[in-house]
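Take a walk through this protein chain.

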Amino acid sequence: MSQLSVKHLLGIKNLTRDDIELIFETASNFKEVINRPIKKVPSLRDITIANIFFESSTRTRLSFELAEKRLSADVINFSSSTSSVKKGETLLDTVNNILAMKVDMVVMRHSSPGAPHFLARHIEANIINAGDGTHEHPTQALLDTFSMRQHFGSLKGLKVAIIGDILHSRVAISNIFALQKLGAEVMVCGPNTLLPVHISELGVKVELEVRKALEWCDVANILRIQLERQQIKYFPSLREYALYYGVNRTLLDSLKKEILIMHPGPINRGVEISSDVADSDHSIILEQVENGVAIRMAVLYLLADSPPAN
Ligand code: CP
């Protein structure tokens with residue numbers, strides 16, 4: 001298989017296991033390329049890509065831009081805070097104006113779940129979801145599972161606990177789909193108020209005690225509390241959250257086993273993760289960021305050669 005089964009990357013849910021394997025294989029090749037003295041290849045020389053971000057981002061936006069430049073694509077960047085969206089322009093009008101400038105691919109982050117799916121129904125360009133509200137963040141899950149595979153060889157039977165604010169997390173949902181497609185076992189852990197009511201219907205284990213989740217898992221993927229999406233109080237205070245759900249050195253040392261520590265970022269030091277865990281030898285947080293560039297190069301490269309419709 002040398003082509004993806006999809007024209008757009010909207011989520012992990014509609015990718016096949018073969019799609020994911022192809023992205024990993026391609027990313028491994030690109031990882032080698034970006035570690036060479038000459039890091040650039042001409043693969044997307046005739047392609048123009050627009051990065052349109054309606055929500056703030058550091059890692060995803062910079063990683064996509066770097067991936068596009070490493071592939072020699074022409075790149076334009078759009079940020080809603082400095083655009084005519086402020087004057088009342090709709091999403092579709094904004095994107096159609098960008099496409100009128102002969103853009104081939106659109107990377108979009110938006111606070112509304114389904115915004116990239118809406119665009120995919122209305123425009124011809126390839127759409128890549130860089131995070132849509134609380135729905136999916138497919139390239140984050142791909143780089144997370146790629147990073148796990150680098151450490152363990154295979155994800156089959158691997159026990160992964162996703163700990164934190166599951167309710168507001170697109171990273172959790174995309175990770176659950178990706179991990180299950182690759183044969184891993186998944187547990188979600190957090191306070192009852194931050195776990196979606198029907199989450200077990202996705203085939204994941206549910207645990208309320210962080211110690212039990214850590215005792216069970218090989219990998220802990222720790223998520224931040226997304227205060228910007230919380231309209232009500234889900235726990236009494238950040239101090240109390242850190243006390244009951246924060247992963248710290250003392251807790252990990254008491255387990256007498258080693259766990260791989262992951263976090264998609266941005267991290268809130270001293271809340272969901274202590275500095276001595278985030279910066280420890282068992283943490284691969286910056287390795288995840290490094291792998292993000294190779295994964296995004298692979299996604300862009302493969303979508304540029306994707307079937308006309310799906
Ligand atoms: N992990 C992640 O999506 O980070 P940013 O919000 O900084 O892009």
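What follows treats domains, pocket, cavity and salt bridges in turn.

This is a predicted model, in which local features need pLDDT of at least 70 and side-chain atom pairs count only at pLDDT 80 or more, while totals for chains, interfaces and linings use all residues. Residues are numbered from 1 along each chain as its sequence is written, and side-chain values use heavy atoms, with hydrogens and water left out.

Start with the domains. The assignment gives domain 1 (12-137 + 290-304) and domain 2 (138-288). Such bounds come from an automatic or database domain assignment. The centres of domain 1 and domain 2, taken over C-alpha atoms, are 25 Å apart. Domain 1 puts 30 residues into the contact, and domain 2 puts in 30 residues. Contact here means heavy atoms within 4.5 Å.

Now look for open space. A pocket is an open set of points on a 1 Å grid over the protein atoms alone, with protein on both sides within 12 Å along at least five of seven lines; a cavity is a set where a 1.4 Å probe fits but cannot get out; lining residues have an atom within 4 Å of a point. Grid points are joined across faces, edges and corners, and a volume is the space filled by probe spheres set on the points.

Where does the largest pocket lie? Domain 1 and domain 2 both give residues to its lining, so the largest pocket lies between them. The largest pocket holds about 370 Å³ of space. Its lining has 21 residues, and Arg109, Arg170, Arg224, Gly265 and Pro266 lie nearest the centre. Helix H2 (59-70) and helix H6 (170-181) are the elements that give two or more residues to this lining. Helices (H or I, at least four residues) and strands (E, at least two) are DSSP runs, numbered from the N terminus. By class, the pocket lining has 4 nonpolar, 10 polar and 7 charged residues. Ala, Val, Leu, Ile, Met, Phe, Trp, Tyr, Cys and Pro count as nonpolar, Asp, Glu, Lys and Arg as charged, and the others, Gly among them, as polar.

The largest cavity holds about 60 Å³. Residues lining this cavity include Arg59, Gln140, Pro264 and Arg296. Two or more lining residues come from each of H2, helix H5 (138-152) and H11. H11 gives the most, with 4 residues. Domain 1 and domain 2 each supply at least three residues to the cavity lining.

Last, the charges. Side chains of opposite charge can pair when their charged atoms come close. A salt bridge is a side-chain nitrogen of Lys or Arg within 4 Å of a carboxyl oxygen of Asp or Glu. The count comes to 11 salt bridges.

Glu185 and Lys205 form one, at 4.0 Å from N to O. Glu185 is in strand S6 (residues 185-189) and Lys205 in strand S7 (residues 205-207), so this pair ties together parts 20 residues apart in sequence. Glu185 is partly exposed at 32% relative accessible area. Buried means under 20%, exposed over 50%, and partly exposed in between (1.4 Å probe, protein chains only).

Asp279 and Arg269 also meet in a salt bridge, at 2.9 Å. Asp279 counts as exposed, at 53% relative accessibility. Arg269 is partly exposed, at 45%. Finally, Arg17, Glu21 and Arg149 are linked in a network of salt bridges.
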